[in-house]
Every structure is written in structure tokens, then in C-alpha cells.
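Welcome, and please open the model in your viewer.

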Amino acid sequence: MATGKKVFSCLIIGILFFFPGCWDRKEINRIGFAVGLGIDKDSEGYQITTQMALPSLLEGGGGGEEAPVWVVGGKGRTIFEAIRDVNTRSARRPFWGHLNVIVIGEEVAKNGLIPVLDLLSRGQELRRSNYVVVAKGKARDILEAEPKLESINAIFISNLIENRTGQSIAPVVTLNDLLISLSTAGIESVLPKIQALDQESFLPPQKKEEKAGPKDEGEEKPKQILELRGAGIFKKDKFVTWMDEETTRGYLWVKGQVKGGIIVIKNPAESDRDLSLEIKRNKSFIFPRLENGKNEILMKVVASLNLVENTGIVSVETEELIQDLNQKASESIKKEINKAIKVAQEFETDIFGIGEKVRTQYPELWEQMEWSQVFPGMDIKVEVETVTQEAAMTLRPIMPPTQRRK
Amino acid sequence: MIKRGTISPRQVFFILTMLLTGIYILILPRHMVFLTGTDGWLVLIGGGFVSGVILILINKVSIKFPGKTVIEFAPLVVGRLLGKIIGGILAIYFTLLAAGSLRIFTEMLKSALLAETPRWIVVVGLVGLIIWIIQNGLEDIARFTELLAPIILLLLIGALIGDIRYMEVIRLKPILKTEPISLLEGFISTLSYFGVIIILLMLYPYVNAPEKLTKTSLGALLFAIVITVAVFAGTVATFGIYETGRMAWPVIELVKMVRIGEFLERMESLFLAVWLSIAFINVSVLSFCSISGWTQLINIKNYQKLTYPVMFLLLGMSLWPKDLLAVLGLYRINFTYGLFISLAIPLLLFVFTLFSKGGSENGHR
Amino acid sequence: MVKKPGKLLRDLKKQDKTKTDVQPISTSLEKNLEYIKNVFTNCSDIIFREFIVGYKTQIKAALIYVDGLADKVSIHDYIIKSLTLEARASKPDEELQGEDIYKWIENAAMSIAEKKQVENLDDVMSGFLSGDTTLLIDGWSKALVIGTKGWASRGISEPDSEVVIRGPREGFTETIRINTSMVRRRLHSNKLKIEARKIGTYTQTDVAILYMDGIVNSEIIKKVHKRLDSINEVDSILETGCIEQYIEDHPYSPFPQVQYTERPDKVVAYLLEGRVIIMVDGSPNCLIVPTVFIQFLQSPEDYYSRILMSTALRWVRFIGVFTAVTLPALYIAVTTFHQEMIPTNLALSISGAREGVPFPAFVEALAMEVSLELLREASVRLPGAIGSTLGIVGALIVGQAAVEAKLVAPQMVIVVALTAIGSYTLPSFAASIPLRLIRFPLMILGAIFGLYGVMLGWIATLVHMISLKSFGYPYLEPLAPLRISELKDVLIRAPRWQMMTAPQFRKPTEKAPGTFLERPYITKDGGEKNK
């Protein structure tokens with residue numbers, strides 16, 4: 001027995017030595033790190049843009065003139081063909097394990113996401129936690145833009161998505177979220193909108209309003225600014241319309257995903273002065289009420305706010321003033337939510353996932369109805385509850401001495 | 001002859017837990033989602049409960065024949081011919097389960113980690129190690145399990161906890177809206193899934209404190225049910241039933257989502273490597289049982305002589321199916337008909353034991 | 001020692017036939033001396049001193065000793081002087097006759113502490129060969145072996161290989177008596193038994209077996225004796241290492257199944273745990289049996305310093321072991337198979353640093369690890385000061401130059417350095433050797449199968465370790481088989497008062513000292529006891 005064991009182990013070791021094939025081995029400096037993927041479509045087929053990081057340039061500290069990325073394109077009738085097309089042009093095999101962001105061009109979005117996503121959800125290298133954004137215009141422009149701060153623009157985009165604490169004006173959607181919302185009955189997809197802009201397009205203050213204005217495609221210089229703002233909404237897998245930032249926040253309120261951002265309202269005590277409220281947390285509940293043929297949905301949104309700025313001189317410490325303030329904040333939130341509801345119902349796409357709630361709560365009813373037709377006619381009631389706290393460091397507004405003596 | 005009375009009840013606990021939550025859990029969520037949709041976890045609890053009853057029967061039967069495995073005592077209970085047939089069925093069952101575990105694991109490894117590496121080389125490496133530990137004896141297998149099982153279970157639970165933030169309870173609803181027929185089918189699958197517990201019939205004589213084993217094995221089953229339900233519910237809550245049904249390896253996808261802090265992502269390679277030890281434990285225990293089963297069936301003194309033939313058979317069997325779909329198709333047979341082994345044999349033995357003892361009062365507890 | 005055991009035994013059997021009976025002591029001093037001189041031809045260090053005892057009845061006598069082994073001062077002052085000058089000066093009451101003379105010489109005429117009567121010439125010869133002095137007297141068929149051992153020996157110094165910050169500094173020396181005395185000094189108990197035996201046909205090395213009667217499991221003693229009996233006829237025992245190889249359970253395993261130590265405090269601690277200590281004359285190391293793997297991760301200092309600190313240090317050692325064994329393999333596996341596991345920025349920087357490195361990561365790592373082993377081996381052989389210089393030259397200059405020459409990536413240098421540091425965290429040098437050995441197969445497996453291969457290697461290692469036994473005790477105890485109550489000295493270092501129940505080596509009947517299970521001076525409600 002002992003000798004048999006030894007012979008066998010020798011055999012195995014021998015096999016290991018005789019087949020040092022290293023079938024799956026890929027040296028880290030022989031692979032191309034694809035960090036960003038853009039997908040566009042025209043009448044011929046799909047065009048993909050792959051952003052590959054150039055480690056040798058990064059090594060120098062990133063201080064060089066050249067951006068440490070290389071954008072390669074490929075085209076094909078399917079995504080896979082296009083990716084293979086990229087392979088013919090890249091000396092290093094693209095490695096998708098470090099993909100940071102998938103940018104979907106507007107045209108692709110309008111034509112349907114499913115043909116695009118199938119491959120992306122199959123591959124073993126890709127992560128399901130990749131961010132997906134939809135580009136206004138072409139995905140290629142986004143990946144070819146040269147923003148500052150991060151030398152790799154795909155990392156810039158994913159940081160942009162992760163650090164949206166300031167504003168809450170775009171949703172965060174991963175590939176997994178997208179796949180689930182596409183496959184689940186009673187919920188439609190929403191993707192954040194990304195846009196490449198020129199510095200000039202919004203630096204002068206008077207132009208701020210028309211930031212989404214049309215731009216020339218023929219510009220030669222890569223764009224400097226990438227902006228994540230608003231969202232595109234989908235019906236089934238097809239893009240239907242854009243939401244502006246206020247509507248997007250309305251949507252986020254309902255999803256319970258507002259984490260940051262501000263609300264500016266009038267001081268209840270001094271109607272000519274503004275108060276800034278910072279949003280801390282937000283929760284939401286959806287209660288469908290379909291018993292006895294009713295057609296009612298109740299949305300309940302709870303938000304906790306911090307009072308961070310009081311441009312007036314009257315403190316809002318008293319119970320009544322706080323109540324009043326909460327009231328006003330609620331009103332303002334409600335307005336945003338209603339905007340979102342209006343867009344959703346207008347385009348007959350249930351981005352809030354109300355249908356899913358209905359399906360789980362009234363499975364029998366769900367079987368009988370065609371949700372996309374019922375949804376626009378739903379009577380959606382919104383209730384908002386806010387809790388406001390004074391920011392911790394200072395308790396009272398600045399008050400000139402003259403006022404104090406009064 | 002294998003030395004008897006060498007492993008402790010605690011080691012049996014870990015062996016059973018590993019067997020019940022080990023390899024087949026990789027394909028369970030997908031299978032259950034197809035049959036029962038969101039109700040899978042309820043069915044799992046129900047099936048687990050029934051398996052608990054079977055487990056009690058197994059314990060009751062085994063305790064009456066101290067120092068004997070099922071293959072040795074079955075002829076005494078049901079007569080020589082039927083007893084040998086039962087023994088043969090069990091030995092084949094264990095061999096098949098072992099081959100199945102081996103193949104499912106390699107299949108998963110191939111699709112998720114080593115896409116280009118030839119399948120046989122991966123299997124041969126693993127089987128070599130398994131032969132080694134089997135030659136060293138059940139005691140070593142038990143110790144190995146005891147050493148690694150807690151770590152593995154902690155990792156598994158850790159992965160589930162790490163995914164909690166992606167889970168949404170709404171994806172587990174609605175409850176009990178599946179067709180009763182599919183529910184029944186799911187229930188049968190669950191019984192087959194938990195049916196591995198009949199391995200206890202083989203392990204009994206090797207345990208040094210058999211009187212504690214009823215409690216221990218029930219504990220292991222309970223623990224395994226909790227883990228299985230958690231994995232199933234976790235998978236469905238993370239991906240929803242449609243996506244779960246689409247995936248080849250839902251549990252691996254679940255593990256892929258785990259993210260520890262900002263810097264440790266994509267831990268699935270690590271998990272798969274750890275899963276190797278699960279596969280190792282599972283296949284070694286199952287093949288040990290199958291080898292010792294064959295040995296006792298044909299009355300050989302030394303089980304080590306049979307190790308190589310059985311392991312080569314196992315290797316061949318595990319390489320037989322063409323692709324993953326064929327493996328899953330074959331395994332569906334077990335999910336459907338496995339209960340004839342896991343349910344019928346303990347029941348049969350139990351009834352016969354009652355009669356042979358002239359209707360003992362232990363029958364109805 | 002080099003011969004195969006089978007052949008050796010056959011040779012010995014042949015010898016036995018030719019030389020079966022022992023040579024008795026003849027009554028004629030001449031004959032005895034002639035015989036011994038014949039045996040020891042060309043042995044210039046053996047001194048024969050013939051002299052005459054007595055005044056009227058003159059008796060011839062001879063002293064035999066080995067120059068350098070025996071203490072000359074005591075031979076001069078307490079044997080020769082007593083027997084010649086002082087014996088003549090003192091006037092006995094009556095003239096002694098016959099046997100009484102020899103009794104008088106043995107019991108009254110010498111002022112020396114240790115003496116033994118022997119009855120054959122073999123014992124005489126082994127007596128003076130071990131440093132004693134033999135007194136042969138004409139007309140007496142017996143001889144006296146007088147204890148005059150006294151040779152130059154190294155003083156007690158701090159053991160270099162087992163350094164502690166806190167704890168006693170003294171270590172064993174090469175003399176077995178000094179060593180046993182150091183143990184006895186710490187353990188004033190009649191339960192401490194020191195059994196002596198001689199092993200080695202030529203070397204006749206003194207071997208002592210130490211154990212605590214009543215604590216030790218007698219099975220272990222039996223096993224030790226049995227195994228030592230079986231090597232009774234080897235040619236030579238030069239060091240404890242020779243015995244270790246003969247008596248350990250699995251000589252082909254990379255893992256040592258017998259621990260050695262130079263520290264008396266460690267020996268005493270292990271004695272009290274019920275283990276058996278084997279000491280060999282001529283070696284400062286003594287063997288501890290049975291040994292389990294976890295012992296190599298425990299340092300005596302753990303028990304002297306504070307609880308939390310020692311627990312933390314123990315975990316540092318676990319990490320050190322893991323690093324020393326797996327880190328290069330993990331690095332290879334991750335950078336050549338699982339690049340997705342590395343955070344993007346790190347992956348890019350590794351890739352950038354490897355830009356231009358001509359070798360695959362495996363070859364790179366292998367070359368670095370081999371040169372590390374070269375460096376280590378070279379610096380062990382060199383004298384202290386040069387050794388550390390070599391370390392600096394090797395580590396800093398060669399490493400730096402290799403990175404600049406684009407032969408290796410800087411990350412690889414870090415990995416290799418960490419590996420080396422990790423293996424130095426082990427308190428025992430013996431245990432770090434298998435870890436260094438295992439690293440290479442793991443690296444190969446990692447280069448072929450990635451993490452799957454690394455895990456395969458780990459499983460193989462564990463399967464092997466689980467199958468090991470040391471004197472009947474599983475090597476991985478108390479981890480596998482798991483003994484939860486003993487983990488308090490493995491995963492953590494529990495407070496002393498909780499560790500009074502001894503581990504499995506203690507005889508099962510031995511009662512744990514109950515009063516120490518709690519801290520004796522603290523009452524149940526937490527207050528201090530009044531008395």
C-alpha cells in the first residue's frame with residue numbers, strides 16, 4: 001500500500017511536471033486592461049469603443065503629456081464580433097475583469113438593451129457590479145473625453161458615480177441592477193445620463209441654463225468635462241425619454257436612494273430669506289390599494305434633513321417653526337416626486353417598481369391585468385414626512401447687534 | 001478491515017454538514033427556482049423536516065446493530081438476497097454521488113476559473129489527493145473535515161452576509177403561489193437533496209459514541225437546512241427568480257458580488273479555491289463509503305485493495321458526460337428518483353427491524 | 001551512522017559471536033595492566049600511574065585515567081596523596097590482612113566523594129574512558145572506579161537560536177550533568193526521574209531520559225525506551241539529531257516530529273505537561289517527545305509576558321507562517337491567473353512595473369526565492385559580522401540592482417522579503433525549514449493552476465500533516481482532532497490560572513490542581529480576600 005501510494009504520488013508529480021502547459025496563464029503584463037466599454041450602433045451594426053489603460057505610462061506618475069489610456073474601436077453585427085474586432089487591433093488580449101463602467105450610446109438604448117447585455121452578463125471576466133450609464137449622444141465621445149484629476153477616464157466616471165453624494169441627481173445602476181429590472185415583471189429600468197461637455201458650455205454663468213444644448217459633432221478637441229446628471233428611462237429595454245435632474249431626484253426619493261443633495265426653501269419666519277436643508281437619509285414605502293376595484297397607490301417617503309444654512313436672522317428653533325419648515329420641505333419634495341410620476345405615467349413606464357409590489361401583494365389580480373396599461377391610470381398619492389435637525393456646530397443664525405437689542 | 005469506533009460525533013457533525021451544504025448546493029437554487037419559484041425556501045424547510053424524520057429512523061435502525069454498517073446488517077434484517085441488493089444499491093448510489101460531485105465541481109471550476117485547462121488534469125489532481133487520504137483512512141478524512149469545515153462554513157456565511165446589501169425581500173414574494181404539482185416535485189427534489197444523510201448508515205460503526213449520534217446528526221441536518229435555505233433565499237433575494245434561473249452557477253454569482261471594503265473585490269477565485277476543499281471532503285467521504293461498501297459487499301478484508309479500481313471507475317464516470325447540460329440532466333434524475341433510495345431504504349429497514357424484533361415498543365416514539 | 005540499519009545489525013551480530021564473555025579482573029595487577037595496555041595501544045592520552053600502598057605490607061596499585069578528561073587536581077590531592085603519603089603517615093591500630101586491606105582502601109583511605117566497585121575489565125575501561133579514574137590493586141579481583149570527571153567545558157551561556165526578551169538567559173551546555181543539574185535546580189521534586197543509559201557501540205554516549213513520575217503517561221515512557229533499545233547497537237550518537245532521526249515516526253516527512261530546545265525553562269515546562277525529555281551528552285540540545293506541530297509556534301516568552309500581548313504575538317506568528325508558505329505562490333497565482341482580484345490601480349501598477357521584465361512571474365519568483373535561500377545559507381555559515389553585511393549586500397544591493405536591471409519587478413522583491421521575514425517569526429528554527437521547503441511545490445502548483453493549485457497544495461500539506469503522528473499522538477492535535485478545551489493555548493494564550501488543566505499528554509488519572517483554577521486571592525464577588 002505504501003509503495004503504491006508513493007508510485008501514485010510520483011506519477012502525479014510527474015504529470016504536473018510534464019505538462020507545465022499553464023493553460024489559463026496570462027501574465028499580468030501581457031494583458032490589456034480594458035477599463036471602459038462604450039457601445040454605439042448605427043445602421044451597419046454595433047461599434048464598440050474600448051478604453052485600455054496603459055500601465056507603462058501610469059508608472060511614470062501620470063505627469064506625462066499623454067493620457068495613459070488608449071481608445072480602440074471595433075465593429076460587428078454582434079457585440080462579440082465587435083470585441084473580436086478589437087482583438088485584431090490590440091497586441092494584448094483585452095482583459096475585462098477590471099472594467100469600470102459600461103457606457104451605452106443613445107442609439108443603442110433606443111434600439112433595445114437586451115441584445116447588448118446578453119454577452120455582458122455571460123462572460124466570466126465581467127463583474128455584475130459594473131456601473132452602467134447611458135450617454136447622451138455617442139458613447140465614444142464619453143470615452144474619448146479627457147477629464148482631469150483622474151488620468152483614466154473610466155475610473156473618473158466610476159468615481160463620479162460613486163461620489164454623487166453632493167447632489168443625488170443621478171441614480172447608481174450596476175449591471176446586476178439593470179439585469180434584474182429588465183427581467184422582473186412590474187419594474188422598468190432607469191440609467192444615469194452622462195454627457196461630455198466643453199468647458200465653455202457652462203463656465204459663463206449666463207449659459208448655465210442651456211447646458212444640455214446641442215453641440216457640434218465636428219469639434220476636434222476632446223471634451224474636457226464629463227457630467228453625470230439626470231437619467232434616461234426605459235420601457236422594456238428601449239429608451240423612451242430623459243429625465244432632468246429634478247425629476248430624477250423625484251424618482252430617487254421614491255426609490256429611497258437619495259443620499260445627499262440640498263433643498264432650498266424660504267424661511268418660514270422671514271419669507272424673503274432662504275434656508276438650505278441638506279438631505280441626510282431617505283426611506284420610502286409603496287402601498288398598493290387595489291381591493292374592491294380601487295385603483296390607488298400610496299407612496300410614503302420619509303426624509304431626514306439637516307439645516308445647514310440660514311441666510312436670514314431669525315432662528316427657527318421653536319417647535320412651530322420647525323413644523324412649518326418640515327411642511328415646506330415636504331411640499332418641495334412632493335413636487336419633485338410628482339414630476340417624476342408625471343413623466344413615468346406619461347410614457348407608460350413603471351420605473352418605480354410599483355408593479356412588483358402589486359404583483360407580490362395581489363398575485364391573482366396581477367395575472368388578470370396588463371400592467372403597462374393599468375399603470376398610467378393609477379391614482380398615485382404621495383405622502384412625505386420630513387424630520388429636520390439643526391446642524392450641530394452652530395445653533396443660531398448670525399444676528400447683527402442692532403437686531404439683538406430689539 | 002477498517003478500524004471501528006475511531007471518529008467522534010463532532011467529526012460526524014462536520015462531515016454531514018459538509019455533505020449537505022457542499023457541492024450540490026451549487027446547482028440547487030437554479031433547480032428549485034425552476035420548480036417552485038419563490039417558494040423554494042418553504043419547500044426546503046418542509047423537505048428538511050421530513051428528512052429529519054428519516055434521520056431518526058436511520059439512527060434507530062443503526063443503533064440496534066452496533067459495529068455494523070448497513071451493508072453488513074441489511075442481510076440480517078431483510079434476508080440475504082434483498083439485503084445484498086440493498087447494499088449494492090447503496091454502494092452504487094454513493095459511487096454515483098461521488099462522481100457527480102466531482103464532475104459538478106470540475107464543471108464549475110472550468111466555467112469560472114480554469115477555462116482552458118483540460119478537465120481531466122484538474123480531476124486527476126484532485127482524485128490523486130483523494131486516493132491518498134482514503135488510503136490514510138476515515139479517521140484522517142474526519143480530522144481534515146473537522147479542521148477545515150468551520151473555516152469553510154464561516155466563509156460561506158460571511159459571503160452571504162457580505163451580500164445582504166444587494167438583497168431585497170420583495171424578490172422572495174409572493175409566497176405559496178406556485179402550482180401544487182411543481183411544489184410536490186420540488187419537495188421530492190429536496191428529499192433527494194437531503195437524502196445524502198443515509199451515509200450515516202455507513203458511518204455508524206466508525207463512531208466512538210453512537211448513542212450521541214442521533215442528536216448530533218439532527219443538529220447537523222438543522223444547521224444544513226438553515227444554510228441551504230439561507231443560500232437559496234439569499235440568491236433569489238439578490239438576483240430575483242428570473243436571473244437565478246438564467247445563471248449556470250447562482251451561488252458563484254452570489255459570491256462574485258461580495259466586496260470587502262474598497263480594495264478586496266472579486267473574491268470568487270478565492271472562494272472557488274476554498275470550495276475545492278469542500279469538494280475534496282465531499283468526494284473523499286462519498287468515495288470512502290462507496291469503497292468500503294463494495295468491500296463489505298464482496299467480503300474482502302482490506303478495503304485499500306479496492307481503492308484504485310473504484311477510484312478509476314469514479315474518474316471515468318465523472319468524465320463521461322459531454323458537457324454541463326448533460327451533467328445537470330443526469331443529476332435531475334437523482335433529484336427526481338433519489339428519494340426511492342433516501343426515503344425507501346431507511347423506511348424498509350426500519351419496518352423490517354420492527355418485525356424481526358417482534359414489534360418492539362421503540363416503533364412509535 | 002551512515003550505514004544502513006540492516007547491515008549494521010548484521011555486523012554487530014558477527015562481532016558479538018567473537019566477543020561474547022566479559023574479561024574478568026585478574027588478581028595479578030601485571031596481567032590486568034598488560035591486558036589494558038594491549039587494548040589501548042597507541043593511545044597516548046591514557047595515563048597509567050603505578051604506586052605502592054602501605055608501609056609494611058606493601059601492595060602494588062595502579063591508577064588509570066585519561067589525560068584531559070579526569071580532574072588532575074583531585075587525583076593528586078585526594079587519591080594519590082591519600083593512598084601514599086597520608087596512608088603511610090597514619091598508624092592503623094592493627095595490621096590489616098587479606099580482603100580487609102582492600103576494604104580499608106576503598107572505604108577509609110581516600111577522601112573522594114564518588115566511587116564504584118566494578119568486577120570486570122570492560123567496566124574498568126569504560127570507567128576511565130568516561131573521565132573517571134580506575135584504581136586497580138594487586139591481588140584484588142575487583143577494581144574501583146573513582147569519580148574524577150573534570151574536563152574543559154563551555155560555560156553556561158544564552159542560547160542563540162532561541163532568544164527571548166523576557167525569561168531566563170541560560171541555556172544548556174555540552175555536558176549532560178550540568179544540563180540535568182539545571183533542570184533539577186528548577187524542579188526540586190522527587191517526581192523528577194532521570195534515567196541514564198549509554199548508546200552507541202563506539203561512542204558509548206550518555207543519554208538521559210527525564211520525566212515527571214505521576215504526570216507522564218507511562219505509555220510514552222515505554223515507547224521511548226522501546227525505541228531507544230532498538231538503536232542500542234548503532235555505532236555512534238554524536239548529537240540529539242542522530243537520535244531524533246532514529247526514533248521519530250516519519251523520517252521522510254518535511255515536518256519535524258520531535259522538538260529540540262536549549263532552554264532549561266522550556267524543558268521544565270514540558271516536563272510538567274507530561275512530556276519526556278531526552279538528553280544526550282555532548283549536545284546542548286535536548287529532545288522533547290511527543291511533539292505536536294503547534295508547539296513550534298509557541299515561545300516560552302508567551303507564558304511570561306502579558307496575556308493579550310502573547311495572544312497577539314501568537315497570531316502574528318500564524319500570519320508569519322502563512323506568509324512564509326503561501327505568499328509567493330499566491331502572488332504568482334493572482335498576478336498570472338486572477339488579475340481581477342487585484343484592485344484596478346494596483347493591477348495597473350504591477351503591470352507597469354513588470355513592463356520589460358523578460359520572465360514569467362513564476363520564473364521571476366523562483367529565481368528570487370532561490371537566491372534568497374542562497375543568501376540565507378551563506379549568511380548562516382559566515383561569522384556574525386560578515387553575515388549581516390552579506391545580508392545587507394544581498395538584500396539591498398542585489399535587490400535594487402535586479403529591479404533596476406528590469407530583471408524583477410519591485411513588487412516581487414517585497415513579496416520575497418516578506419516571505420523571509422515571515423519565516424523568521426517562528427520561535428523555532430527547526431519548524432521554519434519545512435515551511436521553506438513547501439513553498440516551492442506550492443509555487444509550481446500556483447503557476448500551473450492558479451489559486452486552485454495553491455489550494456491543492458495546501459490540501460496535500462494538510463492531508464500529510466494529519467496523517468503524521470508523534471509517539472502515537474496526532475501531529476495536528478489539538479486542531480485535528482479538535483479539542484476545544486485545549487485551543488486556549490493555541491488560538492489564544494489563556495491566563496495562567498485557566499491553563500492549569502494540562503494537555504492530553506498528562507496521565508488521565510492525574511488530578512488538576514483545583515485551587516488554581518481560579519485566581520486564589522479573589523473571591524467570587526470580585527473583591528479581594530481578606531486573609
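Which side chain of chain B meets that of A:R128 in a salt bridge? Select A:R128 and B:E253: their side chains form that bridge, at 4.0 Å from N to O; a salt bridge here is a side-chain nitrogen of Lys or Arg within 4 Å of a carboxyl oxygen of Asp or Glu. The interface of chain A and chain B holds 3 salt bridges by this rule.

A word on the ground rules: this is a predicted model, where local features need pLDDT of at least 70 and side-chain atom pairs pLDDT 80 or more, while totals for chains, interfaces and linings use all residues. Residues are numbered from 1 along each chain as its sequence is written, chains are lettered from A and ligands numbered from 1 in the order in which they are written, and side-chain values use heavy atoms, leaving out hydrogens and water.

Next, select the whole contact (heavy atoms within 4.5 Å): 32 residues come from chain A and 37 residues from chain B. About 3,000 Å² is buried between these chains, with carbon and sulfur atoms giving 56%; this is the accessible area (1.4 Å probe) that two parts lose on being put together, summed over both.

Finally, turn to the cysteines. Over all chains there are 0 disulfides, meaning pairs of cysteine sulfur atoms within 2.5 Å. Select B:C289, which counts as buried at 1% relative accessibility, then C:C242, also buried, at 12%. Buried means under 20% relative accessible area (1.4 Å probe, protein chains only).

How values were computed
Buried means under 20% relative accessible area, exposed over 50%, partly exposed in between (1.4 Å probe, protein chains only).
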